[in-house]
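Biologist: I am new to this structure. Please take me through one part of it closely, the surroundings of the ligand, and then follow the helices that lead away from there.

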Amino acid sequence: MAEAPLEPPRAPHLEPPWPAPQPYTPNVLRRLARGWRSWFGLLNEWDFRVALGELNLLGLPVFLVNEPSLVRRVLVEEVDAFPKHPYTQWILEPLIGRAIFSVNGEEWARQRRLVDQAFQAAQLQRVFPAMAEATEALLQRLEGGDTPIDIDAAMTQVTADVIVRTILSRPLAQGEAGEVFAAFARYQRRAARALVLRFLHLPAGLVQRSLRRDARVIRAWLEQAIAERLEAPAAAPANDLLACLIAARDPQGGGGFSPEELLDQVCFLFLAGHETSASALGMAAWLLALAPDAQERLRQEVRAVAGSAPLQPEHLRQLSYGAAVFNETLRLYPPVSFFIRERQGTATELAAAGRGSRCPVGALLTLSPWVIQRHEHHWPDPQGFRPERFLEQQKPEPFLPFGLGPRKCPGAAFAQQEALLVLAELVRRYALLPVPEQPPELVGRLTLRARTGLWLRLKGLVRT
Ligand code: HEM
């Protein structure tokens, strides 16, 4: 029996626009056609109400796992029986080789031990100056003019600058990575199409060749940047993330990263470290422009905590409303909108909402923060922008923008610190105003992005 939706709260809240799901159709080909440009097109209204969705995709059993206990079973309790789906590796290999994100088993475990060690050695406190310098450079770029700006592009630039400074101890030069961003945007578009072709059992060779072409642009740039950084070791402080990745040694005897592995990891960390944060920061700024009350509350909080002094990590830790705004953004617009896993070993039963479904070996399981975090049985007022829900005593569940379990994102604290710093500085200096005549077109690809940009207007505030 279906549960009743949760009671909506009494006060009306902003319901920011989103690519709402399509009406249900049993026609799988029509759904795939809708998913050609954005994977959100594959979803229908029913997916946001069921505990477990089931579909036979031209012979491939596919499950949409929404029930919190099943989500935990797949991501936390039985990780070995539900490893990352081989399509993850297939779609990302041209770009990141066999880096941590897409591999499984002992190959993953060893890499995770090394990456965790490198992250620990690089320490958040120590990367803070890099974040502060990149944020200052962003503010300088934004100065002057009150014409609409594409905040998504601005956030892509600042987050790439942060991660380049963190990995390589040097800033990203203005215009330096334009070709790289363009290549990645093409990669994202083509990767989504390659997956649809794969589901349809159609040849994806042509698309794959273009994926390799785009990936080569990105990898060549990073390979060159690493070489330059290593040629001048004396000039660079020894504690950047590259140095920590090179120095990391597996305590279980697995050695360190080979030069090829190092390039794969840096490619992944560069992408993971800026693409997701850019998506989240762009959406957060856009939401604040739509919600002037939330924006003013955040501004007041920043002033109360730091006055006009330069922001420090201890100030950011006190921004509880700021953290709530960031979390609510990640709930409504999770940058990584879905994860895919494969059933391995033996067939099993997936039990949800009082019934069981047989899950054969090789079945594909989709876990989607996009669906789960807007699910009408998990969240009151699921489409409403209501940061306060993250301040209430009982922490909202299920909330998984950074994943769950052993494969949870190790960059979550890094991303949170960076986001709070950028948002706090932005609202301190500017009023963020909406540009209703240029609404965003949100697309779900490898990450959630705005296809034609996220436009808003900045009005300088008198400094107090
Ligand atoms: C708002 C920003 C970010 C979001 C929403 C995000 C989200 C995620 C998610 C959902 C996963 C796990 C996916 C799965 O289970 O299939 C993941 C993995 C990962 N993320 Fe992030 N991430 C963000 C920022 C970062 C940053 C800044 C870094 C590094 C500096 C980073 C490094 C990684 C790594 C290394 C993994 C792989 C973990 C593993 O497979 O063991 N992420 N991220």
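Biologist: How many Å separate an oxygen atom of the ligand from an N or O atom in the side chain of Trp108?

Modeller: This is a predicted model. In it, an N or O atom in the Trp108 side chain sits 2.7 Å from an oxygen atom of the ligand. Lys84 places a polar side-chain atom 2.9 Å from a ligand oxygen. Arg112 does likewise, at 2.8 Å.

Now take in the whole shell. There are 26 residues around the ligand. Those that come nearest are Lys84, Trp108, Arg112, Arg341 and Cys409. By class, the shell holds 17 nonpolar, 5 polar and 4 charged residues.

Where do these residues come from? H10 supplies the largest share, 6 residues.

The axes of H10 and H15 are 10 Å apart, and the helices pack at about 35 degrees. Their crossing is right-handed. On the H10 side, the contact is made by Gly273, Ser277, Leu281, Ala284, Ala285 and Leu288. On the H15 side, look for Ala415, Glu418, Ala419, Val422, Leu423, Leu426 and Val427. This contact counts 10 nonpolar, 2 polar and 1 charged residues.

H10 also packs against helix H6 (residues 151-168). Here the angle is about 145 degrees, and the axes lie 8 Å apart. The crossing of H6 and H10 is right-handed. From H6 come Ile151, Asp152, Met155, Thr156, Thr159, Ala160, Ile163, Val164 and Ile167. They meet a run of H10 residues that includes Val266, Leu269, Phe270, His274 and Ala278. The contact of H6 with H10 has 12 nonpolar, 6 polar and 1 charged residues.

One last stop, away from the ligand shell. The model has 28 salt bridges. One of them joins the side chains of Arg31 and Asp47, at 3.3 Å from N to O. Arg31 belongs to helix H1 (residues 28-34), while Asp47 lies in the loop between H1 and strand S1 (52-57). The two are 16 residues apart.

Definitions and conventions: Residues are numbered from 1 along each chain as its sequence is written. This is a predicted model: local features need pLDDT of at least 70, side-chain atom pairs count only at pLDDT 80 or more; totals for chains, interfaces and linings use all residues. Side-chain values use heavy atoms; hydrogens and water are left out. A residue is near a molecule or strand if one of its heavy atoms lies within 4 Å of it. A polar contact is a pair of N or O atoms within 3.5 Å; within protein, one must be able to donate a hydrogen and the other to accept it, and residues adjacent in sequence count only if both atoms are side-chain atoms. Helices (H or I, at least four residues) and strands (E, at least two) are DSSP runs, numbered from the N terminus. Ala, Val, Leu, Ile, Met, Phe, Trp, Tyr, Cys and Pro count as nonpolar, Asp, Glu, Lys and Arg as charged, and the others, Gly among them, as polar. Axes are lines fitted to C-alpha atoms, for helices over the stretch in contact, and angles run from 0 to 180 degrees between N-to-C directions. A crossing is left-handed if the near helix is turned anticlockwise from the far one by less than a right angle, and right-handed if clockwise. Contact means heavy atoms within 4.5 Å. A salt bridge is a side-chain nitrogen of Lys or Arg within 4 Å of a carboxyl oxygen of Asp or Glu.
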